[in-house]
Amino acid sequence: MFKAVWEDEGGRRSQEFVLRRDPPASLVESERTLEYTFYRAFQDSPVPVPRMRWLETDPAHLGAPFFVMDRIGGCEASWRTLIDPSFAESRARIARRMYEVLGQIHLFDWTRSEIPGVIDPPDPAECWKRELDYWEGMIDANELSPQPIARAAIRWLRSNPPPPPKRVTVVHGDYRTGNFLYDSEDIRGVVDWEMAHLGDPLEDLAWSFMEAWEWARDGKKGGIIDREEAIQVYEQTVGEPVDRDALHWWEVFSGVKGQGIWLTGAKSFQDGRTPELMMPFTAYWLTNFQDEIILRTLGRGA
Amino acid sequence: MKPDVPLVLNGIAATLATHVLPELRTPFGQQNVGIASQLCAMIAQEFDRAAARLVEENRALISLFERAIPVLDDGPLREQLQQAIATPPGSDLRISALQAENDRLRALLITLHAQVEEIDTPEGSALNERIWDELRESTRRRKLTSGLA
């Protein structure tokens with residue numbers, strides 16, 4: 001984050017911005033042009049996002065591609081505040097808004113945006129396979145040790161594919177508490193679009209339900225809402241019922257994807273591509289927990 | 001005599017959390033020191049149990065392979081399992097050596113599980129359940145008792 005001060009014909013001006021630069025390594029392999037395009041697509045839509053200002057793909061300036069966006073001030077981002085007792089009065093409102101906004105992401109007509117210019121739309125029947133192939137490939141490339149639980153889940157996923165979605169939508173890719181800016185009244189900005197793509201909208205719903213995000217450890221999804229209430233709000237927004245069996249497939253998939261993310265971070269630290277302690281931290285903290293989640297989602301938990 | 005390694009690591013974790021972190025003024029610094037503190041606490045647990053966990057799991061996998069052999073038809077996998085059973089545990093007790101052995105055995109477990117899922121007999125189903133038991137047990141062995149999750 002930085003504050004810029006400049007002068008023009010209108011006089012002295014200042015504004016706070018956020019700069020996001022391609023890291024040398026992170027929990028996910030991402031690309032700034034793609035993320036920038038998704039942010040821009042949702043500007044002036046019912047989905048609140050920070051306004052994009054500049055994209056620079058030439059690494060000569062800051063050592064890596066980067067973009068600059070407006071900072072949305074006066075907001076919280078942390079899930080800790082959301083589950084804090086002091087936020088109790090606003091929590092239910094924000095929780096419902098979370099799933100209304102998710103519905104709006106999935107209702108968005110991406111065909112009339114710049115998104116098809118940066119990503120190939122999948123055939124509806126191929127949505128699940130494209131994502132599973134990708135995340136299995138990430139596990140292949142990054143596992144430091146064999147992963148028998150994730151591999152068993154991948155075999156189950158390939159043997160029990162979900163039906164194609166009625167329509168291919170934008171998928172945020174990391175939609176959960178912690179990845180939107182909010183105040184006591186509303187969600188003010190959906191952020192972290194680095195895993196955004198086109199695909200099956202149930203992928204986002206399932207990801208938001210993952211046990212790893214049950215921050216309060218009380219069974220509430222994202223630490224803030226009951227699963228069925230979230231589905232009900234989402235269904236009302238998109239105007240269609242959620243296929244529970246298909247949702248379950250995507251929940252098992254989410255377990256595999258989560259493991260792919262933690263393994264990618266662990267490998268980047270092991271290889272010396274990043275000194276960030278977050279990478280070994282998530283490896284120690286979450287990889288075994290992720291295996292437990294996969295087992296429970298498959299009905300094989302303790 | 002030196003203080004035990006887990007004791008030292010937990011001491012570092014406590015010092016970072018209670019003495020260093022409150023002195024820091026930037027969110028970036030606070031976050032990094034907080035992570036370092038929690039990482040030390042987790043590694044303290046892992047340090048003490050790692051060898052025992054790996055030896056226990058490697059033995060359990062060999063035992064599982066012994067039960068699997070009569071259920072499998074002749075073929076490369078059966079030979080691999082027989083070879084794994086016949087190979088005596090290495091004398092090298094360093095964590096890296098035990099982990100390398102564990103990696104070999106768990107890779108073989110993946111191949112075995114995929115094959116067993118295709119066996120449509122009561123014996124195959126029973127073995128499949130035994131493999132799931134082992135997978136559940138593997139998460140119990142790795143669980144951090146004072147971790148965040």
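In chain A, 74% of the contacts with a separation of 6 or more are between residues 24 or more positions apart, two residues being in contact if their C-beta atoms, placed from the backbone, lie within 7 Å. The model is predicted: local features need pLDDT of at least 70 and side-chain atom pairs count only at pLDDT 80 or more, whereas totals for chains, interfaces and linings use all residues. Residues are numbered from 1 along each chain as its sequence is written, and chains are lettered from A and ligands numbered from 1 in the order in which they are written.

Chain A contains 9 helices and 8 strands; helices (H or I, at least four residues) and strands (E, at least two) are DSSP runs, numbered from the N terminus. The radius of gyration of chain A, taken over C-alpha atoms, is 19 Å, close to the 19 Å that the globule rule (2.2 Å times the number of residues to the power 0.38) gives for 302 residues, so chain A is as compact as a globular protein of that length. The C-alpha trace of chain A spans about 65 × 45 × 40 Å along its principal axes. Of the 302 residues in chain A, 41% are buried. A residue is buried if 20 or more other C-beta atoms lie within 10 Å of its own, exposed if 12 or fewer, and partly exposed in between.

Chain A has an open sheet of 4 strands in the order 1-2-4-3, with antiparallel pairing; two strands pair if DSSP finds at least two bridges between them. Strand 1 (2-8) and strand 3 (52-56) of chain A stand at the edges with a single partner strand each, so one side of each is left without a neighbour in the sheet. From one strand to the next the twist averages 30°. Strands 1 and 2 of chain A are joined by 7 bridges and by a hairpin of 2 residues; Val5(A) stands opposite Ser14(A) in strand 2. Strand 2 is joined to strand 4 of chain A by 5 bridges, and Arg20(A) has Phe67(A) in strand 4 as its bridge partner. Between strand 3 and strand 4 (residues 66-70) of chain A there are 4 bridges, with Glu56(A) opposite Phe66(A). Helix 1 (residues 32-41) of chain A lies across strand 2 (11-21), strand 3 and strand 4, and runs at about 160° to strand 3. Axes are lines fitted to C-alpha atoms, for helices over the stretch in contact, and angles run from 0 to 180 degrees between N-to-C directions.

Asp44(A), in the loop between helix 1 and strand 3 of chain A, is not a glycine but has a positive phi of about 65°. Asp44(A) counts as exposed because it has 8 C-beta neighbours inside 10 Å. Asp192(A), in the loop between strand 7 (187-190) and strand 8 (197-199) of chain A, also has a positive phi, near 60°. Asp192(A) counts as partly exposed because it has 19 C-beta neighbours inside 10 Å.

The largest nonpolar core has 88 residues, of which Leu102(A), Ala153(A) and Val256(A) touch the most other members. Such a core is a set of buried Ala, Val, Leu, Ile, Met, Phe, Trp, Tyr and Cys residues joined through C-beta atoms within 7 Å. Leaving aside neighbours within four places in sequence, Val256(A) is in contact with residues including Trp135(A), Ala150(A) and Ile294(A).

The contact between the chains takes 21 residues from chain A and 24 residues from chain B.
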